[in-house]
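Q: I have just opened this model and would like a short walk through it. Can we start once it is on screen?

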Amino acid sequence: MHMDLVSLVVDDYDPAIYFFTEALGFDLVEDSPSLTNDGREKRWVVVRPPGAATGLLLARADGDRQRAAVGDQAAGRVGFFLRVEDFEEAHTRMRGNGVRFVTEPRDEPYGRVAVFLDIAGNRWDLLGPPPSPVSPPA
């Protein structure tokens, strides 16, 4: 068993696809026409980090309640966690692609971390491995 998708409510599909694929380097897995439960047109858009099992379903906000959730899906907390093997490379690449970081990188027991905002304003942790312990001189 594994988590396949997590919905992320966005203002519009194409800017969100661009952000996740170009700025973050995710793969566009699917972009298919679909219908809402009451028959209106929508799209089924899935992005996923390369090699990851879990992806994001980019869901365009439909109605006032969903529009109000755009950018606040975790009530202002960090709600999403992107783990990378090379923190410095990912941080530099993402900043170069216009990703807005709201904290400077820091070291925590669970790894190197910096908080960034997605296209909608949701807070994410960029997580890398913890720094290697420095061995004391012999």
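Q: Which residues touch the most other members of the largest nonpolar core?
A: Phe 20, Leu 58, Phe 116 and Leu 126 do, out of 26 residues in that core. A nonpolar core here is a set of buried Ala, Val, Leu, Ile, Met, Phe, Trp, Tyr and Cys residues joined through side-chain atoms within 4.5 Å. Buried means under 20% relative accessible area, exposed over 50%, and partly exposed in between, using a 1.4 Å probe and protein chains only.

Q: Which elements each supply at least two residues of this core?
A: Strands E1 (5–10), E3 (41–48), E4 (55–60), E5 (78–83), E8 (111–117) and E9 (123–128) do, along with helices H1 (13–23) and H3 (87–96). H1 gives the most, with 6 residues. Helices (H or I, at least four residues) and strands (E, at least two) are DSSP runs, numbered from the N terminus.

Q: What should I know about the source of the model and its numbering?
A: It is a predicted model, where local features need pLDDT of at least 70 and side-chain atom pairs count only at pLDDT 80 or more, while totals for chains, interfaces and linings use all residues. Residues are numbered from 1 along each chain as its sequence is written, and side-chain values use heavy atoms, with hydrogens and water left out.

Q: Back to H1, which of its residues are buried?
A: Tyr 13, Ala 16, Ile 17, Phe 19, Phe 20, Thr 21 and Ala 23. Just after H1, Gly 25 has a positive phi of about 85°.

Q: And Phe 116, what does that touch?
A: Not counting residues up to four places away in sequence, Phe 116 touches Leu 24, Leu 82, Met 94, Val 99, Arg 100, Phe 101, Val 102, Asn 122, Arg 123, Trp 124, Asp 125 and Leu 126. Contact means heavy atoms within 4.5 Å.

Q: Zooming out, how many helices and strands are in the chain?
A: The chain has 3 helices and 9 strands. Along the sequence the pattern is β-α-β-β-β-α-β-α-β-β-β-β. Of its 138 residues, 33% count as buried, and the C-alpha atoms fill a box of roughly 70 × 30 × 30 Å along the principal axes.

Q: How many bridges join E2 to E3?
A: There are 8, and the two strands run antiparallel, with E2 covering residues 27–35. Two strands pair if DSSP finds at least two bridges between them. E2 and E3 form a hairpin with 5 residues between them, and Gly 39 in the turn has a positive phi of about 90°. Leu 35 stands opposite Glu 41 in E3.

Q: What counts as a pocket?
A: On a 1 Å grid over the protein atoms alone, with a 1.4 Å probe, a pocket is an open set of points with protein on both sides within 12 Å along at least five of seven lines; lining residues have an atom within 4 Å of a point. Grid points are joined across faces, edges and corners, and the volume is the space filled by probe spheres set on the points.

Q: Which residues lie nearest the centre of the second largest pocket?
A: Tyr 13, Thr 36, Lys 42, Arg 60 and Asp 62, out of 15 lining residues. This second largest pocket has a volume of about 240 Å³.

Q: Where does Arg 60 lie?
A: Arg 60 lies in strand E4. Arg 60 counts as partly exposed because its relative accessibility is 35%. Arg 60 touches Val 10, Asp 11, Asp 12, Tyr 13, Glu 41, Lys 42 and Gln 66, not counting residues up to four places away in sequence.
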